[in-house]
Amino acid sequence: MDRQTLIQAAFAARKQSYSPYSHFAVGAALWCDDGTIVTGCNVENGSYPVSLCAERAAVATAVGMGHRKFLAVAVVAGNRPVTPCGACRQVLSEFGDMAVICAAASDLDTTAEYVLSELLPQSFNLEASR
Ligand code: THU
């Protein structure tokens with residue numbers, strides 16, 4: 001997994017962000033287990049709560065392409081590294097305990113890196129709970 005390639009992919013995806021309400025553009029890139037990179041951007045809506053985060057947009061695209069295991073996700077936004085929101089952490093957790101690489105859009109060398117289970121400890125797992 002090449003961190004720089006993943007960050008660059010998220011940065012490129014961020015350029016497609018549709019965020020006329022928050023004016024906060026986010027890009028995300030998933031590293032799938034076969035090495036494929038799948039990206040997404042946030043897609044806002046005039047009905048604010050139905051807006052879609054970049055991470056979940058990327059997950060929906062990747063799963064639609066047949067990918068179900070992610071080794072890493074990169075998130076690019078803002079002037080400092082942004083971590084995925086709670087809802088996105090739960091959605092990501094369905095597809096592996098991946099590396100979460102967060103980079104500031106204003107300076108891609110300003111990064112923070114986590115493991116998903118560190119950001120969402122004790123996540124809900126239906127199959128493990130039956
Ligand atoms: N947003 C994301 O896309 N990902 C995050 O990790 C944090 C927030 C979006 C949602 C909304 O379109 C905008 O950023 C401001 O909250």
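**Exercise 1.** Find how far a polar side-chain atom of Glu44 lies from an oxygen atom of the ligand.

*Solution.* Start at Glu44: one of its polar side-chain atoms is 2.5 Å from a ligand oxygen atom. Next, go to Asn42, where the corresponding distance to an oxygen atom of the ligand is 2.9 Å. Then take Glu55, with a side-chain N or O atom 2.6 Å from a ligand oxygen. A polar contact here is a pair of N or O atoms within 3.5 Å. On its own the ligand has 380 Å² of accessible area, and the protein covers 78% of that (Shrake-Rupley method, 1.4 Å probe).

A word on the model: it is predicted, local features need pLDDT of at least 70, side-chain atom pairs count only at pLDDT 80 or more, and totals for chains, interfaces and linings use all residues. Residues are numbered from 1 along each chain as its sequence is written, and side-chain values use heavy atoms, leaving out hydrogens and water.

**Exercise 2.** Sort the shell around the ligand by class.

*Solution.* First, list some neighbours: the residues surrounding the ligand include Phe24, Thr83 and Cys85 (a heavy atom within 4 Å). Now count the classes: six residues are nonpolar, three polar and two charged. In this scheme Asp, Glu, Lys and Arg count as charged, while Ala, Val, Leu, Ile, Met, Phe, Trp, Tyr, Cys and Pro count as nonpolar, and the others as polar.

**Exercise 3.** Place Asn42 in the fold.

*Solution.* Look between β2 (37-41) and α2 (54-64): Asn42 is in the loop there (DSSP runs, at least four residues for helices and at least two for strands).

How values were computed:
Polar contact = N/O pair within 3.5 Å; in protein donor to acceptor, adjacent residues only side chain to side chain.
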